[in-house]
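My notes follow in the order I took them.

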Amino acid sequence: MVPADSPIDDLRRQIDEIDTALHELLMRRSEIAAQIGALKGNGNNGPAAASPFLRPGREAMILRRLIDRHRGPLPKATVVRMWREMMSALVRLQGPFAVAVFAPDQRCDYRDLAQEHFGSLTPITTHDSLGQVLRAVIEGQATVGVLPLPQQDDQEPWWRYLLGNDARVPRVIARLPFGAPGALLGAAEALAIGRVVQEETGRDRSLFVLETRTEVSRSGLRAALEASSLETVYIHVWWDPSEPETWLHLIEIDGFLAPEDERLTAVAGRLGESLRRIWPLGGYAVPFSPDELDIGRT
C-alpha cells in the first residue's frame, strides 16, 4: 500500500510549485532587463557618459511600493535585501557595472555597505584614499564610488572635488544603507556617487554647495534658505587658508531640487554679492527608517 501523503508533504509540494513560478518570473525579468540594456546601447558611450542603465530613484520607488504592500512573517528588511541583490544583478546584464569603495587601513565597513546595496557579485575595488575613489569614477574605471558621509570636521572634504561642469564629474546618487540606516551594519553610513541624473521619488534629499567670497554665518545661510522655501538638513563649512576669499558651504535640504529650481535663484538674490556660485551636487532617495522596516519591534 502506498502511504498517504502527510500535510507537510503537501506543503512542500506547494513550495516547489511556488519556487518554479518564481524562477520563471525571474528569468522573464532578466530577459526584459537585457532588452532594456540593448535599447540603451549597454552604456558603451565612453568614460564621460552618464550611466543610462543605473536608476537609483526608480529602484527606491520599487522597494517602497513593495514594502508598502508587504504582509506576512518574512521580515521587510529581508525583502529589501533580496530585491537589492536581484536589481543589482539585472543592472549588470544591461551594461558595465563596477564599484569603487573607500577602505583605508583595510576597513571593511564601507565595502560591506557597498556589497549589500550593489550586490554580492558586483565587482568592487577598495582604495586607501578618497582621491583614488573619485578618480576611478571620473575616469570610468568604476560606475559608482562609495565615500564616507560628510562631517563638519573633515580636514579634506571629498565633496569639494565635485564642483565643476565637466560631464565626467560625478554627483551624489544614493545614501547607504538604504535598508534601515545604522541598524543592519552598525553605525557606518555612506554616500554613493556616479554620473546619474537625480530623479524625484517623492521622498528625497538634495545637496548643493554655496561658494561665497566671504564668511557667511550658518544662521544667515539658514535664514536665506528658509526664506526661499528650502528646509535645511545640515550645513558644513570648509575654508582653505590658502584661498582666503573662497568659502564653501555644503548644504543638504529636504526634498527634490533640480539645478534650475527657482528657489536657488531666490537664495542667490538674498545672499547678494557675497555669493560667487551655486554648485548642484545631486541627491538621493531617503532610505528606509528602522520603523518602516519593523526593525526593533517586538
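**Entry 1: positive patch.** I looked for clusters of like charge and found a positive surface patch made of Arg29, Arg58, Arg65, Arg69 and Arg71. My patch rule takes residues with over 30% relative accessible area and no salt bridge, joining like charges within 9 Å and nonpolar side chains (Val, Leu, Ile, Met, Phe, Trp, Tyr) within 5 Å. A salt bridge here is a side-chain nitrogen of Lys or Arg within 4 Å of a carboxyl oxygen of Asp or Glu. Lys and Arg count as positive, Asp and Glu as negative; His and the chain ends are not counted. I place each charge at NZ of Lys, CZ of Arg, CG of Asp or CD of Glu.

Which helix gives the most to the patch? Helix α2 (residues 56-69) does, with 3 residues. Arginine 69 lies in helix α2 and is exposed, at a relative accessible area of 58%. The classes are buried under 20%, exposed over 50% and partly exposed in between (1.4 Å probe, protein chains only).

**Entry 2: ground rules.** This is a predicted model: local features need pLDDT of at least 70, side-chain atom pairs count only at pLDDT 80 or more, and totals for chains, interfaces and linings use all residues. Residues are numbered from 1 along each chain as its sequence is written, and side-chain values use heavy atoms, with hydrogens and water left out.

**Entry 3: overall build.** I count 7 helices and 9 strands in the protein. These are DSSP runs numbered from the N terminus: helices are H or I with at least four residues, strands E with at least two. The C-alpha atoms fill a box of roughly 95 × 45 × 40 Å along the principal axes. Of the 298 residues, 46% are buried. The accessible surface comes to about 15,800 Å², and carbon and sulfur atoms hold 53% of that. Areas come from the Shrake-Rupley method with a 1.4 Å probe; for residues, only the protein chains shown count as cover. I also checked charge: 33 positive and 41 negative side chains, with the centres of the two sets 3 Å apart.

**Entry 4: backbone.** The peptide bond from leucine 176 to proline 177 is cis, with omega near 0°. Proline 177 sits in the loop between β4 (171-176) and β5 (190-194).

Serine 229 is not a glycine, yet has a positive phi of about 65°. Serine 229 lies in the loop between α6 (218-227) and β7 (231-239) and is exposed at 56% relative accessibility. Aspartate 294 also has a positive phi, about 60°. Aspartate 294 falls in the segment after β9 (275-285) and is partly exposed at 32%.
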